[in-house]
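Hi everyone, thanks for coming. Please have a look at the structure on the screen, and then I'll walk you through a few spots in it.

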Amino acid sequence: MRLVGIDLGGTKIEGIVLEEDGSEVFRKRIPTESRYGYEHVCERIRTLFEELARHAPGLRRVGVGTPGSTSARTGLLKNSNTTCLNGRPLRTDLERRLGVEVLLENDANCFALAEALLGAGRGADVVFGVILGTGVGGGIVWRGRIWPGHQHVAGEWGHHRISDDGPLCYCGHRGCVETFLSGPAFEKRYAERSGERLDLPEIVARARSGDRDAEAVLEEYLRTFGRALANVVNILDPDCIVLGGGVSNVEELYTRGVEEVRRYVFNDEFRTPVVRHALGDSAGVIGAALLAGDEAKLRCR
């Protein structure tokens with residue numbers, strides 16, 4: 001039976017069809033268009049699903065990765081930075097529209113699962129998957145299985161607070177890691193210092209060429225990254241940390257960033273590998289598809 005996964009993002013929805021061994025059959029992306037609201041997003045998913053299903057005869061279930069997670073108390077989506085999804089029965093609504101079982105999971109957990117089973121974290125017992133992109137998220141995989149936690153918030157390091165007077169976060173608190181380490185936060189900080197708005201890659205390039213404002217913003221970012229990730233290490237102490245999302249392409253994270261983690265870890269050494277994702281920006285959709293498969297079989301490949 002082929003596996004089908006859908007990754008619901010703030011700007012795009014990606015779908016994939018995999019063979020049971022993890023090899024790719026078909027893939028497609030469409031715009032999310034979340035500005036038109038919840039019902040429109042659900043219809044976008046249905047449209048994409050119908051095309052995916054043509055490549056997976058006999059399909060009975062689909063894995064869906066989404067920002068946020070399902071509340072065990074209400075069954076409604078919570079904690080999504082695509083805010084039109086919050087407070088909605090997304091899984092139930094999708095099952096009604098798609099006509100198959102829907103396995104709904106946090107997108108960072110899907111990313112972590114894919115990298116743990118098929119990517120850069122393969123072979124490690126405890127993998128912490130990090131998303132550094134439009135938002136900041138994380139997921140924990142223990143021996144090939146997602147560890148969701150009792151409240152289904154395990155791995156949400158983007159919303160532990162590191163400053164009482166930091167920027168206001170969409171979650172309602174101030175000083176969350178996401179308000180410092182997301183891509184938009186990086187770009188905003190440079191604009192505040194320089195008065196010029198640039199994309200993150202341009203800012204990093206300027207830092208490398210001696211732009212003082214860019215150097216200062218990058219240094220501040222790496223220091224905050226070190227402090228925030230060291231907090232995770234002090235609590236979880238994973239075997240491997242895999243970075244994903246657009247900001248994960250900044251090379252300095254793997255050198256100076258790791259040195260900052262080492263500086264703040266509560267230990268006399270820091271040996272945990274901090275590695276770049278191996279599955280590209282589609283790890284999340286691959287992980288969503290793996291939700292619908294035989295995880296034990298995939299672990300043993």
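Let's begin with a term: a salt bridge is a side-chain nitrogen of Lys or Arg within 4 Å of a carboxyl oxygen of Asp or Glu. Please keep in mind that what you see is a predicted model. How many salt bridges does the structure hold? There are 27.

Here is one of them: the side chains of Asp-93 and Arg-96 meet, with N to O at 3.4 Å. Both residues sit in helix α2, which covers residues 90–98, and they are three residues apart, about one turn of the helix. In general, an α-helix has 3.6 residues a turn, so residues three or four places apart point the same way. Now, are these two partners buried or exposed? Asp-93 has 10% relative accessibility and counts as buried, because buried means under 20%. Arg-96, at 58% relative accessibility, counts as exposed, because the cut-off there is over 50%.

Glu-252 forms a salt bridge with Arg-208, and their closest N and O atoms are 2.8 Å apart. Glu-252 is in the loop between β11 (240–244) and α8 (256–264), while Arg-208 belongs to helix α6 (residues 200–208), and the two are 44 residues apart. Glu-252 counts as buried, at 10% relative accessibility.

Let's move on to a helix. How many of the nine residues of helix α9 are buried? Nine of the nine are, so this helix, residues 283–291, is largely enclosed by the rest of the structure. Among its buried residues are Ala-283, Gly-284, Val-285 and Leu-291.

My last stop is Arg-223, which lies in helix α7 (residues 212–236). Arg-223 is partly exposed, with a relative accessible area of 32%. Which residues does Arg-223 touch, not counting those up to four places away in sequence? They are Glu-260, Arg-263 and Tyr-264. And how does Arg-223 relate to Leu-291? The two are 68 residues apart in sequence and 35 Å apart in space, C-alpha to C-alpha.

Definitions and conventions:
Residues numbered from 1 in each chain as written. Predicted model: local features only at pLDDT ≥ 70, side-chain atom pairs only at ≥ 80, totals over all residues. Heavy atoms only, no water. Buried < 20%, exposed > 50% of the residue type's maximum accessible area, 1.4 Å probe, protein only. Helix = DSSP H or I, 4+ residues; strand = E, 2+ residues; numbered from the N terminus. Contact = heavy atoms within 4.5 Å.
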